[in-house]
Amino acid sequence: MARDVPLRHMAKVLAAKAGTPFEPPAVDPGQMQLYSYYRPGLIAGDYSITVEQVIESDSYELKDKPKDPHDKAWKKVSLTKQNRRETSPNVLISAPQEFEVMAPQFAIERSMVNSYYPPDGHQDEARILPHIVLNDPHFPWERRAGVIVPDLCDLDLESDRVTPKASDPPTNMFRSAVPWLAVMVFDPAELILPVDFKPNVIKNAPSIDLKLDKQPLSGAFAMQVQEYMHLALGYRVNYDAGFATDTKGLDELKASNEAMTAIFPTKATFLKMFTQTASDGTLQSNVEGNKYLAHMRAVNTEGFPDAGVEQVGNYSIVVSGRTARLDLTVPTTQICHLVSIEHVDSTLQSVHDAVKTDNDAVAAALAADPKSAKVATVANERLAMVSLFSWTYTALPPNPVNFVDDMRAMTNSMQMLKPPQSLLKGLDTASKVTSGTPAVLTQQAKNAGALHKRLDAGYSIARWRTETGEETAAFSRGPLVPQRVRWPPSDDWCAGSNTSKEYQILDPATGLMDLSYSSAWQLGKALAIADTAFNAALMRFRSLVYNWAISK
């Protein structure tokens, strides 16, 4: 792999010299192509291969038993052989080869994540939609989102597409597909569990210790898949719906000791994330809407540091459909989770019915007795969801100060590269004070004039400890100044120095030392010492000079 880049470059050069231009990549540099989905050839699940091979050939056998053993009279017959099992004479059945396509379901490797935004610990406005970039372009569509929600959506119209070829797969007839992943943004308070919270497990199942005394900052609790499956239906996602005809597979899942993490949002939050209110007031599933929140991106990676051997990199992107709270008044930490929405469609109805029944009971109780103490509790119950990856960022209140505004404010209200203009004006006024007849400048005015000249040129006054230990003041400036710099800075300027002391310039008007060039020399020395390559080259040069001098 390491040799691919130079070899590819050499192929381009040779092709150019031969007059045969090198074939360009599908995507030009600096450009990308977007695809609404990119499903693999086979998604996760059980499959079987049935192969039938029929062999026909001509064979010959004797017509009649010859009288003479050397006289063989043959007749032509047709034989047929099939590679199918024979259960009984003349009864053949196919012998399929069964196999399983596996894909991550409850956990993913960190290496699958390319990047995410906003990055950990960074700040951005609450209105932005966080997203994650995955290295596997197929991953969001490697599993079915559920048994109710359609896999492929938005049938392509015959009028706005070319007539498909007979070899085209049927998936080419659809414009979008529902992913089994979603990015969700949570406020930390939405995922913090009460200290007395106890997961509702099925009968005879061992309890789950979530260690609530030390809750994770991300709100994702570590457990095993079998522990998750031991949670009662209605308190977890209904993965059982995917095993309606595969009890063996369900039993294997319930016995799996694979590590995973789960978050516990309230059922009310769960319904808000995956349902919408229809025009007639009824609640409808919105799981299919996630088809607009994932896509595949093909990017030309030529010259990228981590591009590998391919010039076009394919990545899958999942965008959050949920922002941070928009009513924030102070910067607030938000938690992003890449969650599995597999079989959420089979979970919504039971959760909605339980919440509605509880709310209706409370409404009926209040109607009968306005002083009734009965309150809704089901909506605040927790439902466990599988979290595959998580990160945090800080959401800012609406209309925060950004970089552009900061720069404009600095240019409008600050005097760049030198002290405020009000201070310089005060020194300029003080430098014109005179006394006596005829009027002459006072010593204080001369000092103020000299100080004004230095400060107006971009200098600042810094504390300086001399070689003998005394503390005093000195002038210093950086490489950026508001005025043209005199060169050389003094009449007796030294072309070289071993200690930087020769670059300390005394200002006779103020009696203060100018340390600007001396500080620059010290900075250059520190950078040179820190550069191992420079040090090695310097030692080789010194050795070369020394050996040359000895030889002379």
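By contact I mean heavy atoms within 4.5 Å. I'm working from a predicted model here.

**Overall count.** Of its 552 residues, 33% come out as buried. Among contacts with a separation of 6 or more, 70% are between residues 24 or more positions apart.

**The core.** Next I went for the largest nonpolar core, which has 76 residues. I132, L210, Y228, F264, F270, F274 and M385 have the most contacts inside it. Strand 21 (residues 385-396) gives the most to this core, seven residues. Apart from it I found another core, of five residues, including V133, V299, I317 and V319.

**F274 up close.** What is F274 in contact with, leaving aside its neighbours within four places in sequence? I get M184, Q284, S285, N286, V287, I341, V344, L348 and M385. M385 is also on the list of residues with the most contacts inside the largest core.

Then I traced an open sheet of four strands, order 24-25-27-26, with mixed pairing. Strand 24 (460-465) and strand 26 (505-507) are the edges, each pairing on one side only. Neighbouring strands in this sheet are turned by 40 degrees against each other on average, direction ignored.

Strand 26 runs antiparallel to strand 27 (residues 512-514), and three bridges join them. Which residue of strand 27 does I505 stand opposite? I noted D514.

Definitions and conventions. Residues numbered from 1 in each chain as written. Predicted model: local features only at pLDDT ≥ 70, side-chain atom pairs only at ≥ 80, totals over all residues. Heavy atoms only, no water. Pairing = 2+ DSSP bridges. Helix = DSSP H or I, 4+ residues; strand = E, 2+ residues; numbered from the N terminus. Axes fitted to C-alpha atoms, helices over the stretch in contact; angles between N-to-C directions. Core = buried A, V, L, I, M, F, W, Y, C linked by side-chain atoms within 4.5 Å. Buried < 20%, exposed > 50% of the residue type's maximum accessible area, 1.4 Å probe, protein only.
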